[in-house]
Protein chains: 2
Amino acid sequence: MTDVTELTVGVFGGTGPQGRGLALRWARAGIEVVLGSRSAERGEATAAEVREQAGVERCRGLENAAAAAAADVVLVAVPWEGHAALLESVRDQLVGKIVIDCVNPLGFDKQGPYALPVEEGSAAQQAEKLLPESRVTAAFHHVSAVHLTDLSMTSMGTDVLVLGDDREATDVVRALADAIPGMRGVYGGRLRNAHQVEAFTANLIAINRRYKAHAGIRVTDV
Amino acid sequence: MTDVTELTVGVFGGTGPQGRGLALRWARAGIEVVLGSRSAERGEATAAEVREQAGVERCRGLENAAAAAAADVVLVAVPWEGHAALLESVRDQLVGKIVIDCVNPLGFDKQGPYALPVEEGSAAQQAEKLLPESRVTAAFHHVSAVHLTDLSMTSMGTDVLVLGDDREATDVVRALADAIPGMRGVYGGRLRNAHQVEAFTANLIAINRRYKAHAGIRVTDV
């Protein structure tokens, strides 16, 4: 099993709830986290909050390209609107590195959430196209940001589907899920099957509204 | 809560593993099941097996149109290739009735399973278009046929996502899931979000291959 505590994990979109929540959990698990932001100051301000809340000393905020350069593995948790532009801006720094895409291209209207069509098939496949020299995976789409950021919740009680065509890369990402208490990384198929995993977040949002919950999923019989 | 034991459930594709498995479980739960088939003889042969295995007297096999006419609620579990033609052939008999679509439009190649594009968005939306006077829902996509047909498995241990825009209809379908021991019906969103639920079956097949499992899902925090 990969010792993920030796990795430096870069988080793009670390100032948003999903990125911040995972950064917090990883920092608390003893993993070095670098938050990437368009503004180094804003990244560092969030990093200071993460250090404080997680009770750790190691968490930096950097401008996106510097964060990409400093990281071994990066999580992409930016809004869908900024996805392509961000990835293009850090392509060189991500050569050879594992990229974890957790972006959900969703729209909202009066009837609630729905999946947006994506020309490449999915956000993860768009990442694969824009970062041909990186090892692109998709994961962490269904984890509640509310639960992640609430450290009084000592066990997440949820599985993380990890998709990708590079077995070693998906094993590392599964280990990054396993590093968070009560979370389990489960291989979830090839990257070409990422669309439905991203889109399923619309269903979870509908479930949350109906049941007033912060729903996630568990894979049974595994 | 709907008393589903008063319903007659028609199953199209009852000679296939998923339809036969659900027919078996419903029959065992005391629900009257009518199996639809292109051939009344083949339907009746499967019905005889279901009666025998479930230890019940009430389960008939009929030609599709007759099964549709006899049923209050129907499950559509036919191969995707025959989906549109079947629905068109029973449109009149299904007016005003609840239709549960559980068809997964999937393709397979050397890299395994993948979701097929569907012009209407999903099999369920195709059903909605072909059956404008029926109450179309989507459910039971992720239930293992192997587990369903193995009655030594006394608890299914899995959730069933039920999608649809008609609240009363989805409540009846949820109750039909709840009628099977260890199974729970969970509202899963509007019908326009059915594509990813159908397509997710490709991921479950990939999971089954990797982990040598019969995977399903549980929704957490609900």
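Buried denotes a relative accessible area under 20%, exposed one over 50%, and partly exposed anything in between, with a 1.4 Å probe and protein chains only. The model is predicted: local features need pLDDT of at least 70, side-chain atom pairs count only at pLDDT 80 or more, and totals for chains, interfaces and linings use all residues. Residues are numbered from 1 along each chain as its sequence is written, chains are lettered from A and ligands numbered from 1 in the order in which they are written, and side-chain values use heavy atoms, with hydrogens and water left out.

**Exercise 1. Describe the interface of chain A and chain B.**

Step 1. Begin with contact, which means heavy atoms within 4.5 Å. On this basis, 42 residues of chain A touch 42 residues of chain B.

Step 2. Turn to area. The size of an interface is often given as the accessible area lost when the parts come together. Buried area is that loss on putting two parts together, taken with a 1.4 Å probe and summed over both. For chain A and chain B the value is about 3,400 Å², of which 52% lies on carbon and sulfur atoms. Within chain A, the residues that lose the most area to chain B are A:Tyr187, A:Arg192 and A:Arg210, together 18% of what that side buries.

Step 3. Count the polar contacts. Such a contact is a pair of N or O atoms within 3.5 Å; within protein, one must be able to donate a hydrogen and the other to accept it, and residues adjacent in sequence count only if both atoms are side-chain atoms. The rule finds 23 residue pairs of this kind across the interface, both residues at pLDDT 80 or more.

Step 4. Assign the elements. Helices (H or I, at least four residues) and strands (E, at least two) are DSSP runs, numbered from the N terminus. Among the elements of chain A that give two or more residues to this side are strand E10 (183–189), helix H8 (194–211) and strand E11 (216–220). H8(A) supplies the largest share, 11 residues.

Step 5. Examine strand pairing, for which DSSP must find at least two bridges between two strands. E11(A) and strand E11 (residues 216–220) of chain B run antiparallel and are joined by 5 bridges. In this pairing A:Val219 stands opposite B:Ile217.

**Exercise 2. Locate B:Ile207 and determine whether it is buried or exposed.**

Step 1. B:Ile207 belongs to helix H8 (residues 194–211) of chain B.

Step 2. Its relative accessible area is 0%, so B:Ile207 is buried.

Step 3. Apart from neighbours within four places in sequence, the contacts of B:Ile207 include A:Leu161, A:Tyr187, A:Val219 and A:Val222, as well as B:Lys212 and B:Ala215.

**Exercise 3. Explain why strand E1 of chain B is described as largely enclosed.**

Step 1. Of the 5 residues of strand E1 (residues 8–12) of chain B, 5 are buried, so the strand is largely enclosed by the rest of the structure.

Step 2. In a regular strand the side chains alternate between the two faces of the sheet. In E1(B), B:Thr8, B:Gly10 and B:Phe12 are buried on one side, and B:Val9 and B:Val11 on the other.

Step 3. E1(B) runs parallel to strand E2 (residues 32–37) of chain B, with 5 bridges joining them. B:Val9 stands opposite B:Val33 in E2(B).
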